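Subject: A structure for you to look at

Hi,

Here is the structure I promised to pass on. Have a look at it first, then read my notes below.

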Amino acid sequence: MRFEEESKIKDVSKLSTKKWRDLQNYLRSRVVVEDLFVSSLRYVGGIDVSYSQVGKNAKAFSAVVVLDILTWSMVDLSVAWMESSVPYIPGFLSFREVPVILEAMDKLTVLPDIWLVDGAGIAHPRRVGLASHLGVLLDVPTIGVAKSRLVGTHGELGEERGSRVPLLDDGTQEQIGWVLRSRNAVKPLYVSPGHKVSMESAVKIVLACCTRYRLPEPIRTAHNMVTQCKNKIPS
DNA sequence: GCGACAG
DNA sequence: ATCTTGTCGC
């Protein structure tokens with residue numbers, strides 16, 4: 001039964017936004033915001049997607065990497081690419097990016113203890129951003145790390161690295177994530193639990209992965225790899 | 001109707 | 001995300 005649900009969810013690129021919304025509401029009920037990843041955290045994954053052109057029939061590229069948190073060395077890497085005609089619609093990004101991400105993940109040999117995903121976790125209109133969608137689909141711990149805000153409001157944020165303020169639901173005022181200053185005087189990151197991680201752990205893990213740059217190392221590495229792949233493959 | 005809007 | 005040059009600031 002669960003296999004049927006998954007196979008249904010993995011091939012939804014041509015459905016209507018109405019169906020997409022239904023699937024998100026189903027996925028939403030399965031998201032867990034609790035620490036269910038290994039306490040001896042050591043391998044952190046990074047995921048990023050890039051496109052060869054704007055508009056319809058573009059080619060989508062993805063890179064998934066696994067880094068050793070002790071040295072930040074890359075212990076595994078996998079890339080994938082495919083034609084994609086799924087447009088970007090705010091609130092439905094996962095239906096555009098999940099297919100090519102899954103293809104790359106299939107070829108990975110070392111699985112990380114937790115994944116950092118370029119996009120939102122539960123800081124989403126229906127609490128299922130790309131990170132949460134992937135987490136539930138694969139039943140793995142994930143954290144959403146967005147470079148800009150999708151939803152939510154927040155107070156003023158300090159300028160120093162490590163400063164953070166809660167990101168609140170526009171209506172209910174429930175906390176749906178954090179606005180985090182990952183480096184001094186840089187634009188903040190919008191961090192939110194994806195799946196199987198708590199609000200507190202999510203922000204601590206992301207900050208721990210932000211060493212020299214604004215973006216956490218696993219996502220930077222994934223971004224570098226997907227760019228390299230894209231420039232190497234004919235499009 | 002108007003504005004907002006991850007990547 | 002992508003299209004693009006130089007330029008301001010820590």
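Predicted model: local features only at pLDDT ≥ 70, side-chain atom pairs only at ≥ 80, totals over all residues.

Residues are numbered from 1 along each chain as its sequence is written, chains are lettered from A and ligands numbered from 1 in the order in which they are written, and side-chain values use heavy atoms, with hydrogens and water left out.

Back to Leu-111. It is exposed, with a relative accessible area of 60%. (Buried means under 20% relative accessible area, exposed over 50%, and partly exposed in between, using a 1.4 Å probe and protein chains only.) Leu-111 is also 8.5 Å from Asp-76, C-alpha to C-alpha, though 35 residues separate the two in sequence.

Next, helix α2. This one covers residues 17–28, and its 12 residues reach 16 Å from first C-alpha to last, close to the 16 Å expected; the expected span is 1.5 Å times one less than the number of residues. Trp-20, Leu-23, Gln-24 and Leu-27 are buried in α2. Seen down the helix axis, the buried residues fall within an arc of 105°, so they line one face of α2. The arc is taken from the directions from the helix axis to the C-beta atoms.

Now the hairpins. Strands β2 (residues 58–68) and β3 (residues 74–84) run antiparallel and are joined by 10 bridges; strands count as paired if DSSP finds at least two bridges between them. Ala-63 has Val-79 in β3 as its bridge partner. There are 5 residues between these strands, and Trp-72 in this hairpin has a positive phi near 65°.

Strands β6 (residues 164–168) and β7 (residues 175–180) are also antiparallel, with 5 bridges, and Val-165 sits opposite Val-179 in β7. Their hairpin has 6 residues between the strands. In its turn, Gln-173 has a positive phi of about 70° although it is not a glycine, and at 44% relative accessibility it counts as partly exposed.

What about the DNA? Around DNA strand B there are 16 residues, and the closest are Tyr-88, Gly-91, Leu-93, Lys-147 and Arg-149. Near means that a heavy atom of the residue lies within 4 Å. Sugar and phosphate make up 56% of the atoms of DNA strand B that come within 4 Å of the protein.

- A polar backbone atom of Phe-92 is 3.1 Å from a base nitrogen of DNA strand B.
- Ala-120 has a backbone N or O atom 3.1 Å from a base nitrogen of DNA strand B.
- An N or O atom in the side chain of Ser-148 is 2.9 Å from a phosphate oxygen of DNA strand B.

How values were computed: Helix = DSSP H or I, 4+ residues; strand = E, 2+ residues; numbered from the N terminus. Polar contact = N/O pair within 3.5 Å; in protein donor to acceptor, adjacent residues only side chain to side chain.
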